[in-house]
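Work through the exercises below with the model open beside you. Each task is followed by a solution in steps.

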Amino acid sequence: MDNTQTEKMTLTDRVAEIFGGGQLYCAETSLKLLADAGDIDATPYIPLATGFCSGASRTCGQCGVVSGVIMGLGLYAGRSAPGEDYEPAYVLVQEFIERFENRCGSLNCEALIGCDFSSPEGQERFREKRLIRKCIQYVVLGVGTALDILHEHGYEVDPLQVGHGAEQP
């Protein structure tokens with residue numbers, strides 16, 4: 001897909017294409033889109049996110065979107081050398097956590113999706129009920145919230161690069 005087509009896509013379109021299309025899962029998609037908004041190559045970082053998908057590898061843990069966004073925020077404000085200041089990253093993450101939890105009611109995958117990925121029955125329920133639609137909504141909300149926070153704090157991101165702000169009226 002060329003840049004012109006990408007620029008016309010909304011964030012929801014991009015998430016549906018990447019995550020809904022099975023290319024990447026929740027944490028990976030969140031990290032990739034945040035990297036893309038800053039023109040950062042996410043390729044070396046995607047493997048770090050894999051184990052955080054599906055509620056921390058089907059353990060009913062933290063939502064993968066939350067984990068992926070935290071890693072994505074780290075691309076902008078995380079320490080690049082020992083001894084550097086960690087506060088910029090902490091400020092962004094705390095702000096994101098507060099907004100996401102206030103909006104969604106939880107940070108926990110099982111609580112958000114209503115599905116226990118650790119059992120075959122839960123995985124089947126996820127497929128049958130097409131709960132991926134909920135996950136897509138959480139990725140859109142999480143990435144959009146993180147982009148807003150990065151912009152508010154003066155980080156150089158282009159939300160339109162990933163379709164945030166391009167939503168159809």
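Contact means heavy atoms within 4.5 Å. The model is predicted, so local features need pLDDT of at least 70 and side-chain atom pairs count only at pLDDT 80 or more, while totals for chains, interfaces and linings use all residues. Residues are numbered from 1 along each chain as its sequence is written, and side-chain values use heavy atoms, with hydrogens and water left out.

**Exercise 1.** Find the residues through which α3 and α10 meet, and sort them by class.

Step 1. Helices (H or I, at least four residues) are DSSP runs numbered from the N terminus. Helix α3 covers residues 26-37, and α10 covers 132-152.

Step 2. On the α3 side, the residues are Cys26, Thr29, Ser30, Leu33, Leu34 and Ala37; on the α10 side they are Val139, Val143, Ala146, Leu147 and Leu150.

Step 3. Ala, Val, Leu, Ile, Met, Phe, Trp, Tyr, Cys and Pro count as nonpolar, Asp, Glu, Lys and Arg as charged, and the others, Gly among them, as polar. The contact of α3 with α10 therefore has 9 nonpolar, 2 polar and no charged residues.

**Exercise 2.** Describe how α6 and α10 are placed relative to each other.

Step 1. Axes are lines fitted to C-alpha atoms, for helices over the stretch in contact, and angles run from 0 to 180 degrees between N-to-C directions. The axes of α6 and α10 come within 10 Å and cross at roughly 25 degrees.

Step 2. That angle makes α6 roughly parallel to α10 (under 35 degrees; over 145 is roughly antiparallel, 65 to 115 roughly perpendicular, and the rest oblique).

Step 3. Val65, Val69, Leu73 and Tyr76 of α6 touch Tyr138, Val139, Gly142, Val143, Ala146 and Leu150 of α10. This contact holds 9 nonpolar residues, 1 polar and no charged.

**Exercise 3.** Are α2 and α3 parallel or oblique to each other?

Step 1. The axes of α2 (residues 11-20) and α3 come within 10 Å, crossing at roughly 130 degrees.

Step 2. The two helices are therefore oblique to each other.

Step 3. Leu11, Arg14, Val15, Ile18 and Phe19 in α2 meet Cys26, Thr29, Lys32, Leu33 and Asp36 in α3. By class, 6 are nonpolar, 1 is polar and 3 are charged.
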